[in-house]
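Trainee: I have a new structure open and would like to talk it through with you. Could we start with the charged pairs and move on from there?

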There are 2 protein chains.
Amino acid sequence: MHEETFIQLLQKQLPANCILSQTDELRPYECDALSAYRQLPLVVVIPETLQQLQTTLRLCARHEVPVVARGSGTGLSGGAMPLGNGVLLSLARFNRILEIDTLNRIARVQPGVTNLAISSAAAPHGLYYAPDPSSQIACSIGGNVAENAGGVHCLKYGLTTHNIQALEILTIDGEALTIGGPALDSPGYDLLALLTGSEGLLGIIYEVTVKLLPKPAAAQVVLAAFDSVDAAGAAVTATIASGIIPAGLELLDKPAIHAVRKFIDTGYPEDANAILLCELDGSQEDVTAQIDHVSQVYRDAGATTLRVSHDEAERQRFWAGRKAAFPAMGRLSPDYYCMDGTIPRKHLATVLNRITELSAEYGLPICNVFHAGDGNLHPLILYDANQPGELERTEELGGRILELCVAVGGTITGEHGVGLEKINQMCVQFNEAELQQFHAVKQAFDPHNLLNPGKAIPTLHRCAEFGAMHVHHGQLPHPELERF
Amino acid sequence: MHEETFIQLLQKQLPANCILSQTDELRPYECDALSAYRQLPLVVVIPETLQQLQTTLRLCARHEVPVVARGSGTGLSGGAMPLGNGVLLSLARFNRILEIDTLNRIARVQPGVTNLAISSAAAPHGLYYAPDPSSQIACSIGGNVAENAGGVHCLKYGLTTHNIQALEILTIDGEALTIGGPALDSPGYDLLALLTGSEGLLGIIYEVTVKLLPKPAAAQVVLAAFDSVDAAGAAVTATIASGIIPAGLELLDKPAIHAVRKFIDTGYPEDANAILLCELDGSQEDVTAQIDHVSQVYRDAGATTLRVSHDEAERQRFWAGRKAAFPAMGRLSPDYYCMDGTIPRKHLATVLNRITELSAEYGLPICNVFHAGDGNLHPLILYDANQPGELERTEELGGRILELCVAVGGTITGEHGVGLEKINQMCVQFNEAELQQFHAVKQAFDPHNLLNPGKAIPTLHRCAEFGAMHVHHGQLPHPELERF
């Protein structure tokens with residue numbers, strides 16, 4: 001069917017204010033936060049009602065027009081990149097908090113509500129929504145579910161998938177399904193976890209029921225400085241092995257500390273080669289006991305400085321450096337590329353050292369600021385997109401870092417999703433049978449491959465072209481490594 | 001193909017000690033712990049190696065012979081009930097603990113390892129595996145994964161799905177897939193949660209990686225007695241609403257207390273109409289603070305007696321009554337039927353009162369001992385199978401209790417699975433589109449419907465025959481209830 005005609009069909013069935021089709025109107029939707037890739041959609045649809053959403057999907061299904069859903073567009077892996085022949089479906093007008101149920105400690109919200117708005121609405125009841133991605137002021141809960149977003153506190157409180165209870169979705173045919181429910185367990189297959197992190201490939205979410213947690217009575221941060229990243233990495237492993245699960249456990253390496261110190265005053269020690277920030281929360285008694293415990297762990301691990309936040313202002317100051325790390329590094333370089341891989345904690349030091357070697361090999365500086373407690377690395381490659389070939393070298397270096405993560409038994413994403421960005425690395429992460437299983441699951445929801453096609457799960461053909469050597473769960477040898 | 005010939009094919013490819021085909025050898029496999037239903041399988045296969053397992057599945061796939069997997073056979077919903085024309089596949093010989101990794105706090109085990117054996121193996125390292133179904137001495141981890149098993153402590157520590165990290169499975173075609181991995185998030189669709197609780201319908205597990213937790217430094221139990229189940233139910237809601245998540249929060253009603261008191265000496269107060277057992281764990285400081293906190297909550301909620309365990313022996317004695325409840329009630333009646341439904345906590349009192357009315361209506365006594373904290377009811381219907389029609393009336397009463405759970409927004413299973421037992425109630429829980437989606441997912445793994453057919457997910461035809469009135473998430477009126 002002719003594209004013009006499809007837009008006319010939409011116009012016939014939806015109010016004019018739900019449809020954008022002029023180039024200047026489409027421009028804001030040409031990319032998400034992975035801005036290296038851009039593409040104008042055929043048309044943007046911004047439904048206001050469930051019925052309008054259903055109408056849009058049914059039209060797309062009937063005329064086999066692909067659909068890319070978009071929340072706030074803060075995604076880092078290009079999951080909301082439009083297709084030139086498809087609908088960009090914005091859920092921005094599904095932005096109401098429908099219910100805060102304090103007895104059952106849940107909130108029912110529409111997908112366009114921001115992550116932080118949920119916690120703000122729950123705050124008068126002493127409750128909050130735990131996952132806290134860095135973009136929480138802006139990112140939408142629908143996008144959080146689509147990407148299975150994490151945050152600093154997911155070490156203790158889990159990812160999005162651990163903090164939601166139910167979804168209401170529409171299939172590509174416009175059929176409404178309730179996924180999950182109020183109980184801890186749900187009969188039938190667990191489609192709730194399956195939908196979470198499915199990057200818009202299985203269905204369109206129109207309502208999310210999230211769990212709310214009571215705000216901990218106390219929270220304090222231990223800041224520990226170390227002479228080397230090796231020592232800090234060993235301290236991370238020792239923390240967890242000692243039986244403590246901190247609310248957050250973050251690591252900054254020397255280039256990151258250096259960048260942050262030039263940017264704001266955080267009280268980070270001058271000579272540190274690595275800093276750990278370990279947040280402990282719970283009752284005041286418990287926090288005090290845990291601070292003593294981890295302080296001893298860090299002394300034993302060779303900490304050169306140990307500081308404990310004594311009030312909320314100091315706690316915020318310790319975190320300010322972590323939070324400012326990305327903008328601070330943005331001042332060191334015209335562009336940066338934030339990676340997102342996860343490795344078993346015990347390989348932290350080895351992998352960080354190998355990243356330093358790769359950085360030298362490619363002549364591109366790398367800073368590391370990351371969720372050390374759950375082994376979720378965020379190496380930041382600094383580059384200049386105006387230097388010919390530098391983006392390509394950056395992407396190649398990024399790919400090698402992700403393959404390094406897989407080679408030690410880790411994964412190519414911690415919390416940002418696969419999207420467009422890491423689709424080639426999926427060929428490294430999974431073997432043919434596993435990818436075929438993913439495609440079969442996709443088929444079970446979206447047989448004509450209309451929901452966000454080309455993202456998250458590569459075709460076998462693409463993997464063959466990419467020519468990936470499959471290093472499965474560190475079992476096979478890999479050029480990156482001798483053997484772990 | 002003739003059945004005789006299929007057994008001969010198995011015999012040609014597998015060692016003799018892996019195959020049972022004589023009636024007396026098959027007898028022990030005719031049911032699991034839902035012993036009201038029995039069926040001899042065509043043949044039992046007990047492979048010792050992965051290759052033998054793969055051979056068995058490939059033969060079944062090629063000749064379209066159905067396969068029912070079985071762990072220890074302790075399941076309560078008939079999930080491991082054999083098929084007369086199928087293979088009963090016992091994983092009993094996959095019984096090795098492959099690795100305890102204390103740094104990453106995980107254990108890799110084969111599916112036939114018992115739940116308790118994992119904790120025992122981890123104990124020297126101060127670690128344990130959290131989910132603790134009542135059958136933990138006997139039940140296998142493979143069965144736990146298949147049923148998404150819970151236990152007393154799942155309120156705080158989650159179900160099986162929250163405590164595993166990876167599965168190695170074979171598809172019905174004998175293809176090996178790695179599902180999940182060491183990281184908190186995994187790229188691609190979350191098949192780990194999908195497989196967990198899928199009741200043997202999607203694949204055969206041959207290895208499980210479980211998370212291990214540090215043993216809490218302290219654990220104490222608060223025992224609170226109340227004048228009525230209503231008051232105890234309100235106290236449960238108040239506990240959670242006050243911001244505490246106990247390690248366990250169990251409720252016993254008057255018939256249950258009465259049965260237990262006649263059976264063993266637990267120190268339960270004589271005149272209680274309902275008892276709550278609230279376990280608190282963590283550091284000693286934290287436990288002490290939490291005991292003060294919940295004691296105040298229970299005083300405010302009208303507790304008539306409050307006791308705190310002061311040493312491990314007393315804690316064990318408080319729990320002994322809870323643990324002895326089922327055998328104790330077994331002495332009151334020739335047979336009992338243990339139900340398993342989940343409701344939103346706020347409806348506890350209403351639902352328990354309605355169960356009392358239903359008990360009178362059917363003339364069948366019901367005791368209630370259950371995981372109150374997560375709203376997971378286990379009403380025990382006492383009956384005598386030798387009285388003509390009494391089993392049928394019991395099953396009908398059970399069905400009405402489950403429909404009552406659905407009508408208040410709950411579910412028909414908390415932790416025992418659907419199996420054969422509750423397959424009709426699935427028609428009440430889900431609508432046609434949702435059931436169709438389940439079948440599509442099944443199709444994506446097992447297109448010829450050979451893995452545990454007839455369990456867990458009813459055909460639409462069956463639902464039509466059952467004539468269920470669909471009461472979806474409490475949204476529609478239902479004969480059981482006016483409206484909540």
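Trainee: How many salt bridges does the structure hold over all chains?

Mentor: Bearing in mind that this is a predicted model, the structure holds 30 salt bridges when all chains are taken together.

Trainee: Okay, pick one in chain B. What does K156(B) pair with?

Mentor: K156(B) forms a salt bridge with D281(B), and the closest N and O atoms of that pair are 2.6 Å apart. The pair links distant parts of the chain, since K156(B) sits in helix α6 (residues 154-157) of chain B, while D281(B) belongs to strand β14 (residues 274-282) of chain B, 125 residues apart.

Trainee: And is D281(B) buried or exposed?

Mentor: D281(B) has a relative accessibility of 4%, and because the cut-off for buried is under 20%, D281(B) counts as buried.

Trainee: Which residue forms a salt bridge with E312(B)?

Mentor: That is R315(B), with the closest N and O atoms 2.9 Å apart. Both E312(B) and R315(B) lie in helix α11 (residues 312-330) of chain B, three residues apart, which is about one turn of the helix. E312(B) is partly exposed, at a relative accessible area of 42%, whereas R315(B) counts as buried, at 14% relative accessibility.

Trainee: Switching to chain A, where are K442(A) and D446(A), buried or exposed?

Mentor: Both K442(A) and D446(A) are buried, and the two form a salt bridge in which the closest N and O atoms are 2.7 Å apart. Elsewhere in chain A, R27(A), E30(A) and R38(A) are linked in a network of salt bridges.

Trainee: Now the interface. How many salt bridges does the rule find across the interface of chain A and chain B?

Mentor: The rule finds two salt bridges across the interface of chain A and chain B. D101(B) forms a salt bridge with K346(A), and the closest N and O atoms there are 3.2 Å apart. As for polar contacts across the interface of chain A and chain B, the rule finds eleven residue pairs, with both residues at pLDDT 80 or more.

Trainee: Which elements of chain A supply residues to the side that touches chain B?

Mentor: On the side of chain A that touches chain B, at least two residues each come from β9 (176-180), α7 (191-195), α8 (229-241), α10 (284-300), α14 (426-429) and α15 (432-445) of chain A. Of these, α15(A) gives the most to that side, with nine residues. By class, the side of chain A that touches chain B has 32 nonpolar, 24 polar and 13 charged residues.

Trainee: And what area is buried between chain A and chain B?

Mentor: About 5,700 Å² is buried between chain A and chain B, and carbon and sulfur atoms give 65% of that area. L184(A), P187(A) and Y189(A) supply 15% of the area that chain A buries against chain B, more than any other three residues. Counted by contact instead, 69 residues of chain A are in contact with 69 residues of chain B.

Trainee: Zooming out, how many helices and strands has chain A?

Mentor: Chain A has 16 helices and 20 strands. The radius of gyration of chain A is 23 Å, close to the 23 Å that the globule rule gives for 484 residues, so chain A is as compact as a globular protein of that length. Its C-alpha atoms fill a box of roughly 70 × 55 × 45 Å along the principal axes, and 62% of the 484 residues of chain A count as buried. Among contacts in chain A between residues at least 6 apart in sequence, 72% join residues at least 24 apart.

Trainee: Last one: where does S120(A) lie?

Mentor: S120(A) lies in helix α4 (residues 115-122) of chain A, and at 45% relative accessibility S120(A) counts as partly exposed. From C-alpha to C-alpha, S120(A) and A193(A) are 26 Å apart in space, and they are 73 residues apart in sequence.

Key: Residues are numbered from 1 along each chain as its sequence is written. Chains are lettered from A and ligands numbered from 1 in the order in which they are written. This is a predicted model: local features need pLDDT of at least 70, side-chain atom pairs count only at pLDDT 80 or more; totals for chains, interfaces and linings use all residues. Side-chain values use heavy atoms; hydrogens and water are left out. Contact means heavy atoms within 4.5 Å. Buried area is the accessible area (1.4 Å probe) that two parts lose on being put together, summed over both. A salt bridge is a side-chain nitrogen of Lys or Arg within 4 Å of a carboxyl oxygen of Asp or Glu. A polar contact is a pair of N or O atoms within 3.5 Å; within protein, one must be able to donate a hydrogen and the other to accept it, and residues adjacent in sequence count only if both atoms are side-chain atoms. Helices (H or I, at least four residues) and strands (E, at least two) are DSSP runs, numbered from the N terminus. Ala, Val, Leu, Ile, Met, Phe, Trp, Tyr, Cys and Pro count as nonpolar, Asp, Glu, Lys and Arg as charged, and the others, Gly among them, as polar. The radius of gyration is taken over C-alpha atoms; the globule rule is 2.2 Å times the number of residues to the power 0.38. Buried means under 20% relative accessible area, exposed over 50%, partly exposed in between (1.4 Å probe, protein chains only).
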